[in-house]
Amino acid sequence: MHRPLTAILADDHAIMREGVKLLIGAMENVSVVAEAAEGETLLKVVRDTKADLLVLDLGMPGVSGVPFIAEIRELAPRLKIVVLTANIEPRTVRLALEFGANAYLTKDGDPEELGAAIEALRQGGTYLARTVRFAVSEPDRSRMPDAQEIISPVPLTQRERQILLLVAQGMTARETAERLGISQATARKHRENLMRKLDLHSTAELTAYAVRLGLPTG
């Protein structure tokens with residue numbers, strides 16, 4: 001017989017919480033012990049409730065998206081986190097796993113997958129909804145390729161290679177700045193300097209140059 005598990009439900013829609021509660025109520029040795037409808041309340045509940053499992057909607061008020069998982073993980077390292085969301089974007093799925101989610105389910109998926117996910121977590125595994133499993137099998141465009149691999153007819157510095165890679169992936173100055181840990185102004189300056197060095201006059205031309213070098217595009 002399985003050891004009883006306790007669960008926290010976190011979703012800002014009461015009807016979703018009630019639906020998940022009904023599903024969990026039909027499972028053997030799993031019970032809901034707390035609920036939350038926004039981020040701050042959830043953090044308090046996680047601190048005060050020694051639950052085994054959290055079913056988490058990343059779209060709740062007060063939740064900073066995928067990085068919020070890391071906040072929960074710091075408070076409760078042993079808590080099993082099941083993301084239940086409408087978001088099936090591959091990068092979000094991969095990031096959720098990287099930040100510490102144990103399972104990723106979609107709100108339009110088969111309700112039976114919740115039980116399958118909980119069973120997988122009991123066994124020490126992870127679980128991905130069938131509709132998002134493609135996210136871990138397709139190339140990870142969120143991971144920055146090795147800039148050293150770029151061979152350009154015009155010699156480029158390491159930073160210039162990094163900028164070229166991110167431009168090819170369609171990243172904005174803000175996204176480039178976040179990825180490289182620099183300011184947006186610095187990211188824009190690097191891009192302008194790279195275009196000047198290559199005698200190019202637009203982002204489209206810079207992207208085309210990256211394509212000619214065989215770089216992956218977003």
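# Reading a predicted fold, feature by feature

Mentor: The accessible surface of the chain comes to about 11500 Å². Carbon and sulfur atoms account for 54% of that surface. Keep in mind that this is a predicted model.

Trainee: How many helices and strands does the chain have?

Mentor: The secondary structure comes to nine helices and six strands. The chain has 218 residues, and 43% of them count as buried.

Trainee: Among contacts between residues at least 6 apart in sequence, what share joins residues at least 24 apart?

Mentor: That share is 59%.

Trainee: Let's go inside. Which residues of the largest nonpolar core touch the most other members?

Mentor: That core has 48 residues. L42, L54, L56, I69 and I72 touch the most other members. Take L56 as an example. Leaving aside neighbours within four places in sequence, L56 is in contact with A10, L42, I69, I72, I81, V82, V83 and L84. There is also a second, separate core of 15 residues. Among its members are L166, A168, L180 and L198.

Trainee: L180 belongs to a helix too. How do I read the sides of a helix?

Mentor: Start with the general idea. An α-helix has 3.6 residues a turn, so residues three or four places apart point the same way. Now look at helix 7, residues 173–180.

Trainee: Which residues of helix 7 are buried?

Mentor: A173, T176, A177 and L180 are buried. They cover an arc of only 100° around the axis, so they sit on the same side of helix 7.

Trainee: What do the buried residues of helix 7 pack against?

Mentor: They pack against helix 6 and helix 8.

Trainee: How should I read a positive phi?

Mentor: Most residues other than glycine have a negative phi, and most peptide bonds are trans. With that in mind, find N29 and D199. N29 is not a glycine, yet it has a positive phi of about 65°. D199 is not a glycine either, and its phi is positive, about 60°.

Trainee: Where are N29 and D199 found?

Mentor: N29 is in the loop between helix 1 (14–25) and strand 2 (30–36). D199 is in the loop between helix 8 and helix 9 (203–212).

Trainee: Is D199 buried or exposed?

Mentor: D199 counts as exposed, at 56% relative accessibility. N29 is partly exposed, with a relative accessible area of 22%.

Trainee: Next, charges. How do I read a salt bridge?

Mentor: Side chains of opposite charge can pair when their charged atoms come close. A search of the whole structure finds twelve salt bridges. Start with D110 and R130. Their closest N and O atoms are 3.5 Å apart. D110 lies in the loop between strand 5 (103–106) and helix 5 (112–122), and R130 in the loop between strand 6 (127–128) and helix 6 (158–168), so the pair ties together parts that are 20 residues apart in sequence. D110 is partly exposed, at 33% relative accessible area.

Trainee: What about E160 and K197?

Mentor: They form a salt bridge, and their closest N and O atoms are 2.9 Å apart. E160 is in helix 6 and K197 in helix 8, residues 184–198. The two are 37 residues apart. E160 is buried, at 13% relative accessible area. K197 counts as partly exposed, at 37%. One network remains: salt bridges that share partners join R17, E18, K21 and E35.

Trainee: How far is the backbone nitrogen of T6 from a polar atom of the D52 side chain?

Mentor: The distance is 2.8 Å.

Technical notes: Residues are numbered from 1 along each chain as its sequence is written. This is a predicted model: local features need pLDDT of at least 70, side-chain atom pairs count only at pLDDT 80 or more; totals for chains, interfaces and linings use all residues. Side-chain values use heavy atoms; hydrogens and water are left out. A polar contact is a pair of N or O atoms within 3.5 Å; within protein, one must be able to donate a hydrogen and the other to accept it, and residues adjacent in sequence count only if both atoms are side-chain atoms. A salt bridge is a side-chain nitrogen of Lys or Arg within 4 Å of a carboxyl oxygen of Asp or Glu. Helices (H or I, at least four residues) and strands (E, at least two) are DSSP runs, numbered from the N terminus. Buried means under 20% relative accessible area, exposed over 50%, partly exposed in between (1.4 Å probe, protein chains only). A nonpolar core is a set of buried Ala, Val, Leu, Ile, Met, Phe, Trp, Tyr and Cys residues joined through side-chain atoms within 4.5 Å. Contact means heavy atoms within 4.5 Å. The arc is that of the directions from the helix axis to the C-beta atoms. Accessible areas come from the Shrake-Rupley method with a 1.4 Å probe; for residues, only the protein chains shown count as cover.
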